[in-house]
Amino acid sequence: MKKIILLLTLIILGTTVSAEDFDYQQIYRDLPVPDVKYIHNIDPGEYYDTETSTWSPYPLFRLVAPLYFKSITIEPGYYLLTPREHKGDWYILFKEAGRIKYIVPVYNRDLTPVMFYDENLPKPELKFSQRMHLKTLDFIGRFVPSAKRKPTPQTYLELTDLDNNFISLVIYWGNYRYYTIFRTTQL
(Lines give C-alpha, C1' and ligand atoms only; values in the text may rest on other atoms or scores of the structure.)
Protein backbone atom coordinates (compact mmCIF):
# COMPACT_ATOMS: atom_id res chain seq x y z
CA MET A 1 0.00 0.00 0.00
CA LYS A 2 2.88 2.38 0.76
CA LYS A 3 4.25 1.76 -2.74
CA ILE A 4 0.92 2.78 -4.27
CA ILE A 5 0.79 5.98 -2.20
CA LEU A 6 4.35 6.90 -3.18
CA LEU A 7 3.68 6.25 -6.85
CA LEU A 8 0.44 8.24 -6.79
CA THR A 9 2.33 11.14 -5.25
CA LEU A 10 4.89 10.93 -8.04
CA ILE A 11 2.14 10.89 -10.66
CA ILE A 12 0.43 13.91 -9.12
CA LEU A 13 3.69 15.86 -8.95
CA GLY A 14 4.25 15.23 -12.65
CA THR A 15 7.03 12.67 -12.38
CA THR A 16 6.98 9.96 -15.03
CA VAL A 17 6.06 6.54 -13.66
CA SER A 18 6.02 3.40 -15.79
CA ALA A 19 3.12 0.98 -15.84
CA GLU A 20 5.31 -1.70 -14.24
CA ASP A 21 5.79 0.43 -11.11
CA PHE A 22 2.13 1.28 -10.58
CA ASP A 23 -0.57 -1.19 -11.58
CA TYR A 24 -3.65 1.03 -11.64
CA GLN A 25 -5.32 -1.48 -13.98
CA GLN A 26 -5.18 -4.09 -11.23
CA ILE A 27 -6.54 -1.58 -8.70
CA TYR A 28 -9.44 -0.87 -11.06
CA ARG A 29 -10.14 -4.60 -11.48
CA ASP A 30 -10.01 -5.21 -7.72
CA LEU A 31 -12.48 -2.47 -6.79
CA PRO A 32 -16.02 -3.81 -6.39
CA VAL A 33 -19.08 -2.15 -7.86
CA PRO A 34 -20.77 -0.46 -4.87
CA ASP A 35 -23.98 -1.99 -3.59
CA VAL A 36 -24.65 0.88 -1.18
CA LYS A 37 -28.16 2.35 -1.37
CA TYR A 38 -29.62 5.42 0.33
CA ILE A 39 -33.31 5.96 1.03
CA HIS A 40 -34.75 8.32 -1.62
CA ASN A 41 -31.14 9.01 -2.74
CA ILE A 42 -30.65 11.49 0.11
CA ASP A 43 -27.32 11.74 1.92
CA PRO A 44 -28.10 11.55 5.67
CA GLY A 45 -24.81 13.23 6.66
CA GLU A 46 -25.27 16.30 4.47
CA TYR A 47 -27.26 18.15 7.12
CA TYR A 48 -24.43 17.87 9.64
CA ASP A 49 -21.84 19.02 7.10
CA THR A 50 -23.84 22.07 6.01
CA GLU A 51 -25.41 23.22 9.29
CA THR A 52 -22.53 25.59 10.11
CA SER A 53 -21.86 26.94 6.62
CA THR A 54 -23.60 29.33 4.31
CA TRP A 55 -22.92 27.32 1.14
CA SER A 56 -22.14 23.73 0.30
CA PRO A 57 -18.75 22.64 1.66
CA TYR A 58 -18.32 19.98 -1.04
CA PRO A 59 -16.17 20.46 -4.15
CA LEU A 60 -18.07 21.11 -7.37
CA PHE A 61 -17.00 18.91 -10.29
CA ARG A 62 -17.94 19.78 -13.87
CA LEU A 63 -17.88 16.79 -16.18
CA VAL A 64 -18.04 17.40 -19.95
CA ALA A 65 -17.59 13.80 -21.14
CA PRO A 66 -18.84 10.55 -19.63
CA LEU A 67 -16.67 8.63 -17.17
CA TYR A 68 -16.98 4.92 -16.58
CA PHE A 69 -16.48 2.78 -13.53
CA LYS A 70 -17.19 -0.82 -14.52
CA SER A 71 -20.99 -0.92 -15.03
CA ILE A 72 -21.56 2.68 -13.84
CA THR A 73 -21.68 5.43 -16.46
CA ILE A 74 -21.32 8.94 -15.01
CA GLU A 75 -23.02 11.30 -17.43
CA PRO A 76 -21.77 14.86 -18.12
CA GLY A 77 -23.02 17.50 -15.70
CA TYR A 78 -22.27 19.34 -12.48
CA TYR A 79 -21.77 17.22 -9.38
CA LEU A 80 -20.98 17.84 -5.73
CA LEU A 81 -18.45 15.23 -4.64
CA THR A 82 -18.98 13.97 -1.11
CA PRO A 83 -16.81 11.39 0.68
CA ARG A 84 -18.77 9.01 2.92
CA GLU A 85 -17.94 5.93 4.96
CA HIS A 86 -20.25 2.94 4.92
CA LYS A 87 -19.42 -0.22 6.92
CA GLY A 88 -15.70 0.58 6.99
CA ASP A 89 -15.39 1.32 3.27
CA TRP A 90 -15.11 4.79 1.75
CA TYR A 91 -17.16 5.98 -1.20
CA ILE A 92 -17.52 9.17 -3.23
CA LEU A 93 -21.10 10.28 -3.72
CA PHE A 94 -21.82 12.21 -6.92
CA LYS A 95 -24.74 14.46 -6.00
CA GLU A 96 -26.84 16.48 -8.39
CA ALA A 97 -29.49 18.91 -7.13
CA GLY A 98 -29.14 17.51 -3.60
CA ARG A 99 -29.76 13.87 -4.64
CA ILE A 100 -27.20 11.09 -4.90
CA LYS A 101 -26.83 10.16 -8.53
CA TYR A 102 -23.76 7.87 -8.51
CA ILE A 103 -21.65 6.10 -5.89
CA VAL A 104 -18.01 5.19 -6.63
CA PRO A 105 -15.58 3.37 -4.28
CA VAL A 106 -12.41 4.96 -2.94
CA TYR A 107 -9.30 2.80 -3.14
CA ASN A 108 -7.09 4.91 -0.91
CA ARG A 109 -7.62 7.53 1.80
CA ASP A 110 -4.79 9.38 3.50
CA LEU A 111 -3.96 12.66 5.22
CA THR A 112 -3.61 15.89 3.29
CA PRO A 113 -0.09 17.38 3.55
CA VAL A 114 0.12 20.10 6.21
CA MET A 115 0.72 23.17 4.00
CA PHE A 116 -1.12 21.86 0.92
CA TYR A 117 -4.02 24.31 0.94
CA ASP A 118 -1.78 27.32 1.68
CA GLU A 119 0.42 26.45 -1.29
CA ASN A 120 -2.29 25.54 -3.80
CA LEU A 121 -5.37 27.66 -3.09
CA PRO A 122 -5.37 31.34 -4.12
CA LYS A 123 -5.72 33.96 -1.41
CA PRO A 124 -8.54 36.48 -1.97
CA GLU A 125 -7.52 40.11 -2.12
CA LEU A 126 -9.86 41.93 0.24
CA LYS A 127 -10.73 45.61 0.09
CA PHE A 128 -10.29 47.77 3.17
CA SER A 129 -14.00 47.60 4.06
CA GLN A 130 -13.99 43.80 3.73
CA ARG A 131 -10.95 43.46 6.02
CA MET A 132 -12.59 45.72 8.61
CA HIS A 133 -15.81 43.71 8.39
CA LEU A 134 -13.94 40.44 9.05
CA LYS A 135 -11.98 41.97 11.95
CA THR A 136 -15.25 43.20 13.50
CA LEU A 137 -16.78 39.73 13.19
CA ASP A 138 -13.67 38.15 14.75
CA PHE A 139 -13.84 40.67 17.63
CA ILE A 140 -17.52 39.88 18.27
CA GLY A 141 -16.78 36.15 18.00
CA ARG A 142 -14.25 36.38 20.84
CA PHE A 143 -16.87 37.61 23.30
CA VAL A 144 -19.97 35.83 21.94
CA PRO A 145 -19.00 32.25 21.09
CA SER A 146 -22.40 31.42 19.58
CA ALA A 147 -21.85 34.17 16.96
CA LYS A 148 -18.69 32.55 15.64
CA ARG A 149 -19.08 30.05 12.80
CA LYS A 150 -16.74 27.18 12.15
CA PRO A 151 -14.85 27.59 8.88
CA THR A 152 -15.95 25.35 6.03
CA PRO A 153 -13.54 22.55 5.12
CA GLN A 154 -11.12 23.46 2.37
CA THR A 155 -11.41 21.47 -0.85
CA TYR A 156 -9.33 20.79 -3.93
CA LEU A 157 -9.59 18.42 -6.91
CA GLU A 158 -6.80 16.84 -8.96
CA LEU A 159 -7.50 14.98 -12.16
CA THR A 160 -4.66 13.03 -13.79
CA ASP A 161 -4.81 11.35 -17.19
CA LEU A 162 -3.16 7.93 -17.03
CA ASP A 163 -2.26 5.48 -19.79
CA ASN A 164 -4.76 3.09 -21.38
CA ASN A 165 -7.80 5.38 -20.99
CA PHE A 166 -7.65 5.57 -17.19
CA ILE A 167 -8.19 8.73 -15.13
CA SER A 168 -7.19 9.26 -11.50
CA LEU A 169 -9.35 11.65 -9.47
CA VAL A 170 -7.99 12.83 -6.12
CA ILE A 171 -10.45 14.70 -3.91
CA TYR A 172 -9.03 16.81 -1.10
CA TRP A 173 -11.67 17.52 1.52
CA GLY A 174 -10.66 18.89 4.90
CA ASN A 175 -7.84 16.87 6.46
CA TYR A 176 -8.06 13.90 4.07
CA ARG A 177 -7.65 13.09 0.41
CA TYR A 178 -9.56 10.36 -1.40
CA TYR A 179 -8.32 8.48 -4.48
CA THR A 180 -10.66 7.11 -7.15
CA ILE A 181 -10.00 5.72 -10.61
CA PHE A 182 -12.16 5.79 -13.75
CA ARG A 183 -12.02 4.91 -17.41
CA THR A 184 -12.71 7.24 -20.32
CA THR A 185 -13.93 4.38 -22.53
CA GLN A 186 -16.32 1.64 -21.59
CA LEU A 187 -15.09 -1.95 -21.59
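Trainee: Which residue lies over the face of Tyr176?

Mentor: Arg109 does, at 3.7 Å from the ring centre. Bear in mind that this is a predicted model.

Trainee: And what sits over the ring of Tyr28?

Mentor: The charged end of Lys70, placed 5.9 Å from the centre of that ring.

Trainee: Switching to ring pairs. How many aromatic pairs does the structure hold?

Mentor: There are 16 aromatic pairs. One of them joins Trp90 and Tyr178, with 5.4 Å centre to centre and 45° between the planes.

Trainee: What do you call that geometry for Trp90 and Tyr178?

Mentor: That pair is tilted.

Trainee: Where do Trp90 and Tyr178 lie, in terms of strands?

Mentor: Trp90 is in strand β5, residues 89-96, and Tyr178 is in strand β10, residues 176-183. The two parts are 88 residues apart in sequence, so the pair ties them together.

Trainee: Tyr178, buried or exposed?

Mentor: Tyr178 is buried, because its relative accessible area is 3% and the cut-off is under 20%.

Trainee: What about Phe116 and Tyr117, how are they arranged?

Mentor: They make an edge-to-face aromatic pair, 5.7 Å from centre to centre with the planes at 75°.

Trainee: Are those two buried or exposed?

Mentor: Phe116 is buried, at a relative accessible area of 9%. Tyr117 counts as buried too, with 9% relative accessibility.

Trainee: Last topic, clusters. Which residues form one aromatic cluster?

Mentor: Phe61, Tyr79, Phe94, Tyr102 and Phe182 make up one aromatic cluster.

Notes. Residues are numbered from 1 along each chain as its sequence is written. This is a predicted model: local features need pLDDT of at least 70, side-chain atom pairs count only at pLDDT 80 or more; totals for chains, interfaces and linings use all residues. Side-chain values use heavy atoms; hydrogens and water are left out. Rings of Phe, Tyr and Trp (its six-membered ring) pair if their centres lie within 6.5 Å; planes under 30 degrees apart count as stacked, over 60 as edge-to-face and the rest as tilted. Helices (H or I, at least four residues) and strands (E, at least two) are DSSP runs, numbered from the N terminus. Buried means under 20% relative accessible area, exposed over 50%, partly exposed in between (1.4 Å probe, protein chains only). A charge sits over a ring if NZ of Lys or CZ of Arg is within 6 Å of the ring centre and within 35 degrees of the ring normal.
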